[in-house]
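Please keep the sequence and the three-dimensional view at hand while reading.

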Amino acid sequence: MSIAISDISMISSKFENPAAMSQPLRHEVGKNDWFDPKPYFGKQSFRYLSNPVRYCVAASKQLNPIEQHDLQRIGVIIGTNLGDYCVRRDMHNTMKSGGTQDLNSIYVTNSSINLAASYISIDKGYFGPNMTLTSPWTAGIESLYMADKLISRGILDCVITGACEDMTDSEGHILQNGGAGLIVCEEVEKADTTVEHYAVLNDFSNSSTI
Amino acid sequence: MNIVGLGIQSPIGNSIDSFWEGLKRRPVLPIECKMPESKESWETFVPFYQTGQSQSQSKFGPVDCESLATIAIQQALDDAKLGVNTHRIALVVGTGAGAIDVHESCGFSKQNDDYPYDFAANISRRLGLSGPCITVSTACSASAYALLVVREFLDESDIDAVALCGVEAFSETSLATFKKLLVVAPTQCSPFTDGAPGTVLGDGAAAVVLRKSKHSSETNRQIIGIGATCDAYHATAPRQDGKYCKQAIKIALAEAGIGMDQIDIILPHGTGTKTNDPIEYSILSDLYNKRELPSVAIFPLKAYLGHGGGSSAVFSILALTLMFKKRSVPKVEGWQPGENYKGVVNKQRIQSFQYGLINTLAFGGNNLSVVIGEGT
């Protein structure tokens, strides 16, 4: 069975979307204000979402609609290592200075690192397995590995894979570049034939360095 | 997937034998711990089931949750007596919040040199395992979702065995999240009781070693069905109609090739919260095509360990494997399932010890169900 990469999308501090990669780099910005969620979410609905969730859902809104698959056979697998780090750090600081009563009871749910992947499924109504992988550096590529396997096994027809990160200090300065990148994997035979594929997944190999 | 080795570091025991003994004596109250409620009243107490720190024989030094996981995996590998090259052993870790205990204790000051979810690689290094390793973090179903990775690893030609570990740390931010959602009980976790005030969190690590079905195993238990779905409904609440949780159980049963009426015992998600228990109860009843559950043996493991977050699925696999091996279901002391949960029974005598069902739900609606059966 062949698995195709049929669509890609991206939100990052360097490029607004994949098409922008052919254009000059955006200027480095010191404050974490490079991303405007309003075009993707409207005025309000992003308010209680953490940055990694915003990046992921916004990137998923850049993707072409997936119409040819049963919604129960579309999965989401996202790799992230720091998806909850800033949320938990800010919660920790709030609890130290003011106590738990100062925490926002909706925002605290972002401390669950799987919410970026979950919100893609919630937003799009995909009922297939929804998974978050968290190994540092490799979680993104591991999400491709698992997508390949779950499609090959016949559990899913299509998987939105990818990665998201956010690393700002408590004043909102960027420590490491954040953003999200998504890759849609589909079984070639079941993919939309009117769209040209970016690539076909070939093989994976993994081990631990000890 | 044969279950060939078990290891545990839990609030009720730090070895398989002591854990089994612990299941016979339900702790009356969990250990209380401090919770920073406000800067003025830092001393507010909340209950928490904590894994004992009596690790004096441990060769791994001070006990953080990564060390608990390392010890549990080493126990499981010792128990499995694999006798295979360590580069043919893969490792999959399921955890809700990773090494959050380390980051909280140092006030999130180590930013770049210590990654919060580096369990799989770190533990592989500590145990000298050079097969592939992956960390899975789908909140409270993390170590259940990890089974999807385990199954793929076991199908790789260069892997002989996979160690699967579920681990969760004590975390004040996780505790604060549950408190803000108003689901933390003031005293004890009592799933499926009327008016249950909520859940109590717990920490610890449980590990199992799995091999391909063709290998014989001492426990003679296999994972024979896995079903995974997503509610795609809400960040923290399960779907009211439970449709996709039910679907996950149906997929697991279909893969196992059995019907719901063949399940001898169920280890439910059973958190003791108003959001989980009524919905899970109606899901299970529906699967029997009944409005009320027909008298089914239900074992509420969280009544002993609290809610171990991402670790809870492996704790359940381990407890179920032990019950099947010993052909006995421990009596849950002081647990009286409520009037609203007719048919939920703490049975010590069940007809056969052939099939067990484990159900997990999670934030984000990440559902996964597992069927465990007898080895062939």
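Where in chain A is A:Ser50 found? A:Ser50 sits in the loop between α1 (38–41) and α2 (51–62) of chain A; helices (H or I, at least four residues) and strands (E, at least two) are DSSP runs, numbered from the N terminus. With a relative accessible area of 1%, A:Ser50 is buried, where buried means under 20% relative accessible area, exposed over 50%, and partly exposed in between (1.4 Å probe, protein chains only). Setting aside residues up to four places away in sequence, A:Ser50 touches A:Val87, A:Tyr107 and A:Asn110; contact means heavy atoms within 4.5 Å.

## Basis of the model

The structure is a predicted model, in which local features need pLDDT of at least 70 and side-chain atom pairs count only at pLDDT 80 or more, while totals for chains, interfaces and linings use all residues. Residues are numbered from 1 along each chain as its sequence is written, chains are lettered from A and ligands numbered from 1 in the order in which they are written, and side-chain values use heavy atoms, with hydrogens and water left out.

The model scores ipTM 0.94 and pTM 0.94. Chain B has an average pLDDT of 89, and 89% of its residues score at least 70; pLDDT is the predictor's confidence in each residue, from 0 to 100.

## Overall form of chain A

Chain A contains five helices and six strands. Along the sequence they follow the pattern β-α-α-β-α-α-β-α-β-β-β. A compact globule of 210 residues would have a radius of gyration near 17 Å, and the 18 Å of chain A agrees with this; the radius is taken over C-alpha atoms, and the globule rule is 2.2 Å times the number of residues to the power 0.38. Taken along the principal axes, the C-alpha atoms of chain A fill a box of roughly 55 × 40 × 35 Å.

Of the 210 residues of chain A, 55% count as buried. Among the contacts in chain A with a separation of 6 or more, 73% are between residues 24 or more positions apart. The accessible surface of chain A is about 9000 Å², with 50% belonging to carbon and sulfur atoms; such areas come from the Shrake-Rupley method with a 1.4 Å probe, and for residues only the protein chains shown count as cover.

## Local features of chain A

A:Gly75 lies in strand β2 (residues 74–79) of chain A and is buried, with a relative accessible area of 0%. Leaving aside neighbours within four places in sequence, A:Gly75 is in contact with A:Gly128, A:Pro129, A:Leu156, A:Cys158, A:Val159 and A:Ile160.

Helix α4 (residues 115–124) of chain A has several buried residues, including A:Leu115, A:Ala116 and A:Ile120. Just after α4(A) comes A:Gly125, which takes a positive phi of about 75°.

## Overall form of chain B

Chain B comprises ten helices and 13 strands. Buried residues make up 68% of its 376 residues. Its accessible surface comes to about 12800 Å², of which 48% belongs to carbon and sulfur atoms.

Helix α2 (residues 65–80) of chain B has 16 residues, which at 1.5 Å a residue should span 22 Å; its end C-alpha atoms are 22 Å apart, which agrees. The expected span is 1.5 Å times one less than the number of residues. Because 13 of the 16 residues of α2(B) are buried, the helix is largely enclosed by the rest of the structure. B:Asp64 caps the N-terminal end of α2(B), with a side-chain oxygen 3.2 Å from the backbone nitrogen of B:Glu66. After α2(B) comes B:Lys81, with a positive phi near 45°.

B:Ser143 has its place in helix α5 (residues 142–154) of chain B and is buried, with a relative accessible area of 0%. Beyond residues up to four places away in sequence, B:Ser143 touches several residues, among them B:Gly94, B:Leu164 and B:Val314. The side chain of B:Ser143 reaches the backbone nitrogen of B:Val314 at 3.3 Å; a polar contact is a pair of N or O atoms within 3.5 Å, and within protein one must be able to donate a hydrogen and the other to accept it, while residues adjacent in sequence count only if both atoms are side-chain atoms.
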